[in-house]
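Trainee: I would like to learn how to read a structure feature by feature. Can we take one and go through it together?

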Amino acid sequence: MAAVAHRRPVSVVGTGTMGQGIAQVALVAGHPVRLYDAAPGRSGEAVSAVTARLDRMVEKGRLERAERDAAVERLTAVDDLAGLAGSALVVEAVLEDAAVKRQLFADLEKVVADDCLLATNTSSLAVTEIAGALRMPGRFVGLHFFNPAPLLPLVEVVSGYATDPAAADLAYDTARAWGKTPVRCSDTPGFIVNRIARPFYAEAFRLHEERAAGAATIDAVLRGSGGFRMGPFELTDLIGQDVNEAVTRSVWDAFFHDPKFTPSLAQHRLVQAGRLGRKSGHGWFPYGDGAAAPEPGTRAPCEAPREVVVHGDLGPAAALAGMLREAGVEVHAGRGDGVGEIEVPGGARLFLAGTGPRDGSAAGAVRFDLALDYGSCTRVALAPAGGNGESGLRAAVGLFQLLGKEVSVIADVPGMVVARTVAMLIDLALDAEARGVASLQDIDTAMRLGVNYPAGPGEWCTRVGAGWALGVLRELHEEHPGGRYAPSRALRVRAGDTEDGS
Ligand SMILES: NC(=O)c1ccc[n+]([C@@H]2O[C@H](COP(=O)([O-])OP(=O)(O)OC[C@H]3O[C@@H](n4cnc5c(N)ncnc54)[C@H](O)[C@@H]3O)[C@@H](O)[C@H]2O)c1
């Protein structure tokens with residue numbers, strides 16, 4: 001491991017939210033740190049702010065007083081770029097504008113030595129574009145920290161077109177030496193997290209636009225069945241609809257309007273209306289005094305049938321047969337092959353999302369959504385298909401309630417809620433891996449640490465099977481042709497669905 005040495009300073013340019021956080025990380029890791037900001041007095045204020053944060057760490061017992069004193073000694077504000085001469089690493093965190101960043105690095109290169117590693121914390125600009133202004137672009141990398149930098153472990157180490165592998169290694173090892181969990185990625189729109197996460201928001205917004213279910217229900221299903229910590233509606237209300245939409249738009253623009261990344265009209269209307277989320281008192285949901293907490297649709301208790309017949313292979317839902325048996329339902333074995341189905345004699349035929357008939361023969365069918373773990377999940381979505389009678393639906397509701405699950409009933413749209421989201425995440429992740437954006441392992445790490453996913457898309461793919469995810473996307477693609485749901489070649493290969501995929 002060859003991290004940046006402690007002899008020479010690490011410098012941070014732009015001492016706002018991110019610059020202060022990154023400075024604190026480098027300081028606590030033992031480096032001398034210099035701060036520079038273009039706004040007069042701002043770097044001095046940042047020294048005070050970082051010092052105050054170190055004081056809080058001492059109060060909380062997370063830093064020894066002597067270490068705090070030594071760190072404060074190592075922290076200096078400078079008044080101009082020339083004060084950064086002699087730095088071993090400069091991390092830039094100025095405003096998100098390519099022209100400003102390019103000019104800054106062109107000026108910086110006149111000040112620092114040729115062996116100084118240069119890094120940008122940009123979250124949406126191309127590293128390659130910023131590097132274009134440099135005399136020596138090989139020593140330039142993206143070092144994308146997440147906010148708040150001292151607390152969040154993930155750092156995306158981004159290699160632009162000209163980045164020297166040794167520079168990326170040095171940045172990677174330095175982030176690791178700072179106690180972070182770095183992942184490597186190529187210079188792609190949104191890097192890993194902001195690229196792969198798009199469908200988590202977009203699929204939910206589309207379901208809402210299609211009137212498949214209400215926002216609170218979609219959130220509850222993604223939490224209760226998908227294991228996500230927050231649903232997309234409540235999460236974007238927290239992030240700010242304007243901020244979330246801007247990321248979506250920048251990725252979509254950078255991909256030349258690829259339909260896989262199309263923004264949501266419904267979200268755009270929210271932004272136009274000034275309903276930006278918690279910060280404006282109203283987003284998808286209302287906030288403030290007297291605002292009622294959004295309530296998901298939850299079915300009243302129904303009686304569970306005493307017996308079922310399980311046919312074929314239930315795939316990712318295979319655990320259900322044993323769970324029903326344990327819950328006291330008589331489970332008979334039906335036909336051994338073909339599409340998995342739970343038949344309630346005289347009642348419903350239950351199919352996992354992405355499977356079962358979607359034509360006239362769907363009469364009497366009820367679809368149930370994917371749960372990432374049917375054992376521990378707390379809620380399952382059901383959809384009556386093909387004019388199913390209420391009695392069949394009640395039997396299906398009763399079965400899942402018997403297993404201790406809350407049940408939400410939604411419209412029978414392809415891919416339901418969790419299945420559609422997870423299939424899209426898997427597809428984007430496999431596609432990104434195939435295009436050399438990052439390893440699947442790094443993608444999984446980034447999604448777990450960057451956006452708190454309960455598991456990474458690669459891990460989900462192993463659990464649910466590429467063939468099943470492919471089936472979900474094919475259903476969606478048939479219903480919404482236009483490219484958004486066209487399965488990637490990488491997914492088809494993984495599912496053994498192409499000549500070279502066996
Ligand atoms: N805020 C986040 O959640 C977040 C997360 C990851 C990455 N980023 C990225 O980090 C960068 C900074 O974001 P922020 O939220 O800390 O911004 P901020 O507005 O809090 O701080 C930016 C600072 O840069 C200074 N500045 C502007 N132009 C300058 C110049 N030419 N030279 C020196 N200083 C200059 C400003 O005076 C300001 O103090 C952006 O590129 C942003 O995309 C932000």
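Trainee: Does Phe-191 count as buried or exposed?

Mentor: First, the ground rules. This is a predicted model, where local features need pLDDT of at least 70, side-chain atom pairs count only at pLDDT 80 or more, and totals for chains, interfaces and linings use all residues. Residues are numbered from 1 along each chain as its sequence is written, and side-chain values use heavy atoms, with hydrogens and water left out. Buried means under 20% relative accessible area, exposed over 50%, and partly exposed in between, with a 1.4 Å probe and protein chains only. Phe-191 has 2% relative accessibility, so it counts as buried.

Trainee: Where is Phe-191 found?

Mentor: Helices (H or I, at least four residues) and strands (E, at least two) are DSSP runs, numbered from the N terminus. Phe-191 sits in the loop between β8 (181–186) and α7 (193–196). Its phi is positive, about 50 degrees, although Phe-191 is not a glycine.

Trainee: Which loop holds His-257?

Mentor: The loop between α11 (241–254) and α12 (265–272). His-257 also has a positive phi, about 65 degrees, and is not a glycine. At 41% relative accessibility, His-257 is partly exposed.

Trainee: Which residues does a cis peptide bond join?

Mentor: Asn-147 and Pro-148, with omega about 0 degrees. Pro-148 lies in the loop between β6 and β7 (154–159).

Trainee: How many residues surround the ligand?

Mentor: A residue is near a molecule if one of its heavy atoms lies within 4 Å of it. Here 22 residues surround the ligand, and the closest are Met-18, Asp-37, Glu-96, Lys-101 and Ser-123.

Trainee: What lies 2.9 Å from an oxygen atom of the ligand?

Mentor: A polar contact is a pair of N or O atoms within 3.5 Å. An N or O atom in the side chain of Arg-42 lies 2.9 Å from a ligand oxygen atom. A polar backbone atom of Thr-17 is 3.0 Å from an oxygen atom of the ligand. A backbone N or O atom of Ala-38 is 3.1 Å from a ligand nitrogen atom.

Trainee: Which elements give two or more residues to the shell around the ligand?

Mentor: They are α1 (17–28), α4 (98–109) and β6 (140–145).

Trainee: Is Asp-431 buried or exposed?

Mentor: Asp-431 is buried, because its relative accessible area is 15%. It belongs to helix α15 (residues 418–434). Contact means heavy atoms within 4.5 Å. Not counting residues up to four places away in sequence, Asp-431 touches Arg-195, Ser-488 and Ala-490.

Definitions and conventions:
Polar contact = N/O pair within 3.5 Å; in protein donor to acceptor, adjacent residues only side chain to side chain.
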